[in-house]
Amino acid sequence: MDTRWSGEAKYQTLLAAAQAANSQRDLSRVLAAVAGALKGLVSVDGLLVFTYEGGRARMRAIYLRGAPRRSCESQQAYLRRFSEATGAADGTYVARLRDAIERDRRTLVFNDKNDPSLEGTAAKRSGAECGVVVPLTMGEAFVAGLTFVRMTLSPFSPDEVQVLEDVARPVTTAVANALAFEEIQRLRGLLEDENLALREEIAATAAAGGIIGASAALREVLERVARVAATDSTVLITGETGTGKELIARAIHTGSPRAKRALVRVNCAALPEGLIASELFGHERGAFTGALERRRGRFELASGGTVFLDEVGELPAPVQVALLRVLQEREFERVGGSETLRTDARVVAASNRNLEEAVREGKFRSDLLFRLNVFPIRVPPLRERAEDIPLIAEYWASQYTRKLGKAIKGIDESAMAVLCGYRWPGNIRELQNVVERAVILARGSLLGLSDFELPSLAAAPEAVRLARAGPGDERQQIEEALKASRGRVYGDGGAAEALGVPPSTLESRIRRLAIDKHAFRRRGSAPPALKP
Ligand SMILES: Nc1ncnc2c1ncn2[C@@H]1O[C@H](COP(=O)(O)OP(=O)(O)OP(=O)(O)O)[C@@H](O)[C@H]1O
Ligand SMILES: [Mg+2]
């Protein structure tokens with residue numbers, strides 16, 4: 001045994017190393033402290049700490065004598081400077097030594113820099129001649145690898161290796177703490193970003209309210225939502241503008257086991273083509289002009305949660321390729337980055353564009369559509385579920401009444417009839433806006449016809465008239481007009497013209513009211529024979 005390494009000296013050194021190391025939270029300062037404590041016992045020129053992540057070694061900290069960290073330099077900046085200076089790739093370190101270090105927990109000694117197992121390692125590229133790699137463990141757990149290097153060709157003796165192993169033991173706690181601290185910082189950053197997304201989320205949900213409606217068409221949609229929510233399947237929601245696609249996407253997230261994590265929405269149509277990839281996948285510092293900091297993308301933020309790709313049909317072609325890879329392999333890279341990241345985020349996409357058509361036009365990849373379309377949900381337009389109109393109108397009327405502090409009790413019958421007869425090209429969003437305006441304008445306690453401003457009301461006098469007349473009178477009016485036209489709906493002197501409505505509209509009303517128009521033709525002006 002080396003005389004320097006016995007009794008009191010040993011005790012003092014271990015104590016000094018442990019104390020020095022434990023007084024630092026920052027890893028490279030821990031290493032500097034250890035180097036200081038070793039002074040006079042074992043000469044080392046540098047120390048490195050690395051961990052294993054997904055099978056790859058990752059350098060976490062470095063201390064090099066003669067290349068000290070600048071006083072206000074961050075650890076990352078220092079590592080980067082080191083990597084650039086030595087050409088050691090991106091902090092990756094000794095991947096092939098993993099079996100010995102991580103699995104077998106063996107100390108490795110390299111006294112010959114030409115040892116083939118050092119090929120390509122950061123230690124070798126940094127100019128180290130000799131090295132000792134000690135596995136740091138706590139109980140059963142592997143914490144990190146600690147490497148001591150010498151820049152001169154003076155082999156480590158077995159005694160010195162013993163010293164380094166002894167020193168490494170009390171240092172383990174400090175390294176574990178420093179790594180945990182780093183992890184906390186990382187998670188805190190993630191949490192802050194996620195909180196922001198969550199806060200935006202809560203505001204949006206509060207404004208959106210629930211999904212109102214009792215029609216069979218909507219019930220079918222909600223059933224599909226309930227069935228797919230529990231799974232991790234990709235969902236593609238289609239439907240005209242304003243039909244409630246976003247609400248459905250939220251319902252899928254809320255009903256899923258991911259509800260506690262973020263639902264991160266990306267409007268693929270709102271971002272300029274050049275920024276969408278960085279928004280989705282993040283970017284590295286300096287990836288493009290203006291990329292001053294590394295930024296996490298939405299797929300990273302949605303870890304454990306859901307990414308909602310709104311207007312997915314608008315994705316530019318290169319991003320379609322990257323998204324396809326995420327859906328197939330769950331992998332992506334940040335813009336300007338080479339590190340492959342994995343995501344476990346669930347994807348829900350929506351489009352009001354006909355994607356099959358977009359595929360035919362060559363604007364959307366068919367393989368991407370195939371991957372997105374695992375579980376399609378079509379949200380029907382409002383005109384296909386007219387039964388929902390009164391419910392939704394009343395719902396928004398009461399919401400806005402409360403919000404605006406008014407004393408409105410509801411919508412009167414004639415106004416409701418008009419709302420039900422309108423085609424709602426803008427679907428629920430249009431209905432919601434019309435109701436909001438009516439609540440603002442209303443003076444009475446019931447919303448009446450004059451409170452609603454529908455763009456096509458002027459063009460649809462029939463709707464107004466029929467609505468004013470009430471449903472009972474509607475039949476009578478139509479029958480009278482048919483009587484006068486002898487059952488003819490179309491053309492000059494037809495019933496449609498007399499009522500001032502498009503013939504197709506009248507036809508559908510005739511069908512709805514089960515009026516037998518042929519009865520008028522056959523019997524001339526005789527009283528109509530009504531179907532039950
Ligand atoms: N069933 C419903 N009951 C009540 N309100 C609804 C319902 N569906 C949608 N809405 C409301 O209608 C508005 C439009 O809904 P949403 O934004 O989900 O539609 P969208 O299909 O995503 O529209 P776009 O294609 O224009 O993006 C929202 O304010 C939403 O709260
Ligand atoms: Mg939308």
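## Basis

The model is predicted, so local features need pLDDT of at least 70 and side-chain atom pairs count only at pLDDT 80 or more, while totals for chains, interfaces and linings use all residues. Residues are numbered from 1 along each chain as its sequence is written, chains are lettered from A and ligands numbered from 1 in the order in which they are written, and side-chain values use heavy atoms, with hydrogens and water left out.

## The shell around ligand 1

Ligand 1 has 18 residues around it, and Thr241, Gly242, Lys245, Arg429 and Gln432 come nearest; a residue belongs here if one of its heavy atoms lies within 4 Å of the ligand. The shell holds 6 nonpolar, 7 polar and 5 charged residues. In this grouping Ala, Val, Leu, Ile, Met, Phe, Trp, Tyr, Cys and Pro are nonpolar, Asp, Glu, Lys and Arg are charged, and the others, Gly among them, are polar. Two helices, α8 (245–254) and α16 (427–441), each supply at least two residues of the shell. Helices (H or I, at least four residues) and strands (E, at least two) are DSSP runs, numbered from the N terminus.

Polar contacts are pairs of N or O atoms within 3.5 Å; within protein, one must be able to donate a hydrogen and the other to accept it, and residues adjacent in sequence count only if both atoms are side-chain atoms. A polar side-chain atom of Lys245 is 2.5 Å from an oxygen atom of ligand 1, and an N or O atom in the side chain of Gln432 is 2.6 Å from an oxygen atom of the ligand. The side chain of Trp396 has an N or O atom 3.1 Å from a nitrogen atom of ligand 1. Of the 630 Å² of accessible area that ligand 1 has on its own, the protein covers 90% (Shrake-Rupley method, 1.4 Å probe; for residues, only the protein chains shown count as cover).

## Two single residues

Ser485 is part of helix α17 (residues 461–485). Its relative accessibility is 9%, so Ser485 counts as buried (under 20% relative accessible area; exposed is over 50%, and partly exposed lies in between, with a 1.4 Å probe and protein chains only). The Ser485 side chain reaches the backbone oxygen of Arg488 at 2.6 Å.

Arg342 lies in strand β12 (residues 340–342) and is exposed, with a relative accessible area of 58%. From C-alpha to C-alpha, Arg342 and Phe299 are 9.0 Å apart in space, and they are 43 residues apart in sequence.

## Helix α7

In α7 (residues 216–229), the buried residues are Leu218, Val221, Val225, Val228 and Ala229. They lie on the same side of α7 because they cover an arc of only 100° around the axis, taken from the directions from the helix axis to the C-beta atoms. Exposed residues Glu220, Ala226 and Arg227 are on the face turned away from the buried side.

Conventions
Expected span 1.5 Å × (residues − 1).
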